[in-house]
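Subject: Handover of a structure and notes on what was found

Dear colleague,

Please find below the structure that I am handing over to you. My notes on what was found in it follow directly after.

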Amino acid sequence: MTATISKKTNNYRKFLHSWYGFLSNIGRINLEGSQNFTENKPIREAYEARGYVAFSLTHKIGQALLGYFDSTNTTQFSNADCTQNFLSENHDDKTVSMLNENLIFFGPPQQKFRKLLKAIIGELAETIETAIGSPFKVTNVRAWVTNPDSSNYGPTAMHADGLSRYVRKVMIYPMPPNEISGTIEIVGRDGKPFILNSLDTPMALLADVGVLQHRGIPPKGATARPAIEVTLIPSLKTELDMDATGQNSRVPFLSDKDFDELAELFRTTQERELPWDDARRLIDTEGRAVNIGGGVHFDYPGWINLDEFSPRIPWRMSFSPSVRLPIKDAEVPLVYSSHCFEHLSDATVHQLLSEAYRVLKLGGQLVVKLPSFDRVLEQYLDGTSSGILEPKQWGLPALFDMWKRRGVSPGITSYASMIFCGFWNKSYGMEFNGDRGQRDSEAYHGPACISEEQADRILRSSTSPHFIAAQLKSEVLRSEEGITFNHQNAWSFEEFVAVALIHGFERADEGDVVTAYREKIPTLELLQPISNYFVFTKKP
């Protein structure tokens, strides 16, 4: 199935003409100065080269959108403000407090503003489709204002959102973005920084903020900077419904069916990768396969083990939302990761999957082994403590004395809670290099220290392992400081397939994965009784 760029009607223009006037200079892309790109090819080339394009809006549109920022519609940022079928972040209490101190957040827009935003994105739709090379779907709308005295923190610090390269956002500034009223700085795909600047015209910016470094610039004047963010993902046809799914909603899970239909679209969407800026640290792969997070003991011929405790690479490979694997594009035939991604945040998992796609050769395989969280949840709801919930399979009995000191009773609820989300404190030491201090009276390595009743409510709150892990992680962050997570993330089989497919992979039906890859991947059979296996292919 080949996705075609949809043809727009005049409905959105008619709506704008009849209510607020109309958008001006559509197709005028404000990059270095004001350049009028009237042909599709230059718009596409400009976007591919830089990863962003800017549009001018009319004063009437800007003034109308300011009504969105009604003081009666303010809200507080919270981890819980996320629709259940969306990926979200889990911020500690300090981060949440700083976000609410520096920014003022707003709840879902009234219907008239949903209609206006739909009309604006509809008017820009053909240009957006041309720029990104595909139709798109709006998945979230959120809004906030940045205070003039905001510190260099969170959105005002240079950062990337850590999302798939297929996720785009349209940032709308109802007030002209400039030094006085506040604006945005973004580092393009070409490595050049760009600051959106307009003396008297409201602006919109389409950008790959999931992978490009950017920051909000607080206003220097007395007025706070309002901004509306519209999140887009690829779709077979452009869909413009302006759902507000939460301030902490990042990107929706998509089903296998969605990606069966979108596979052709992902294969034909051509995008340039970000440049690698430190060639001195590149590893000569020499045809070897790559293990992401293999641990201190994974040391085998024909393999490169990228891990903080790897015995073979000359520096510690730490994983973060900005991690870049030290390997050239399309260099390796196989990437493997075993029981690693559940220890990482959503943003870091997305970045590593994007990097795995980048370094794989066309036709190369990504093989992933994860705990079978869906079976954990199924057996917990059935009340079965044998099988996958047998504590010895997870090495839990050695931790029970520490649990009891913190008022956590060993049992099926604490076992399941620990598998979804566990942590250790500074007194415990470090789990993965064997530097452990279990005999220290303050040492703790275990699940969230909440009541059994509360843990049970969370475990029964959803059929989504990802959602359950997020709630348990939030409880840990609410009460603990100076901790390191063991598990902090979880997915059902279908959820993780959707996450991988977001990055352009195709799922490969390998049947018995252990049998198919036993000769290729050392230690593949370890932890098999408690694991799900996934195989994905980078298709040409």
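Helix H8 covers residues 373-382, and its buried residues are Phe373, Val376, Leu377, Gln379 and Tyr380. After H8 comes Gly383, which has a positive phi near 75°. Please bear in mind throughout that this is a predicted model.

Strand S18 also belongs to an open sheet. Six strands, in the order S16-S15-S17-S18-S25-S24, make up this sheet, and their pairing is mixed. Strand S16 (303-306) and strand S24 (506-507) stand at its edges with a single partner strand each, so one side of each has no neighbour in the sheet. Helix H13 (residues 493-501) packs on the sheet and touches S18, S24 and strand S25 (531-537). The direction of H13 makes about 25° with that of S25. Within the sheet, strand S17 (residues 332-338) and S18 run parallel and are joined by 6 bridges. Ser338 has Lys369 in S18 as its bridge partner.

His339 has a positive phi of about 45° although it is not a glycine. This residue is found in the loop between S17 and helix H7 (346-359), and His339 is buried, with a relative accessible area of 13%. Thr523, which is likewise not a glycine, has a positive phi near 65°. Thr523 lies in the loop between helix H14 (513-517) and S25, and at 29% relative accessibility it counts as partly exposed.

I turn next to charged pairs. Side chains of opposite charge can pair when their charged atoms come close. The count of salt bridges in the model comes to 15.

One of these salt bridges joins Glu480 and Arg406, with the closest N and O atoms 2.6 Å apart. Glu480 lies in the loop between H12 and strand S23 (483-485), whereas Arg406 lies in the loop between helix H9 (400-405) and H10, so the pair ties together parts that are 74 residues apart in sequence. Glu480 is buried, at a relative accessible area of 15%, while Arg406 is partly exposed at 34%.

A further salt bridge is found between the side chains of Glu475 and Arg478, at 3.5 Å from N to O. Both residues lie in helix H12, 3 residues apart, which is about one turn of the helix. Glu475 is buried, with a relative accessible area of 15%.

The side chains of Arg518 and Glu525 also meet in a salt bridge, at 2.2 Å from N to O. Arg518 is partly exposed, with a relative accessible area of 38%, and Glu525 is partly exposed as well, at 39%. Elsewhere, salt bridges that share partners join Arg142, Asp161, Lys169 and Glu229 into one network.

The protein has 14 helices and 25 strands. Of its 540 residues, 58% are buried. Among contacts between residues at least 6 apart in sequence, 79% join residues at least 24 apart. The accessible surface comes to about 22800 Å², and 47% of that surface belongs to carbon and sulfur atoms.

Finally, a word on confidence. The mean pLDDT of the protein is 83, and 84% of its residues reach 70 or more. Over residues 1-41, however, the pLDDT is below 50, and this stretch has 88 contacts in the model beyond near neighbours in sequence. Residues 269-280 also have a pLDDT under 50, and for them the model has 27 contacts beyond four places in sequence. Where pLDDT is low, the predicted coordinates should not be read in detail.

With kind regards

Technical notes. Residues numbered from 1 in each chain as written. Predicted model: local features only at pLDDT ≥ 70, side-chain atom pairs only at ≥ 80, totals over all residues. Heavy atoms only, no water. Buried < 20%, exposed > 50% of the residue type's maximum accessible area, 1.4 Å probe, protein only. Helix = DSSP H or I, 4+ residues; strand = E, 2+ residues; numbered from the N terminus. Salt bridge = Lys/Arg side-chain N within 4 Å of Asp/Glu carboxyl O. Pairing = 2+ DSSP bridges. Contact = heavy atoms within 4.5 Å. Axes fitted to C-alpha atoms, helices over the stretch in contact; angles between N-to-C directions. pLDDT = per-residue confidence, 0-100. Areas by Shrake-Rupley, 256 points an atom, 1.4 Å probe, with all protein chains shown as cover.
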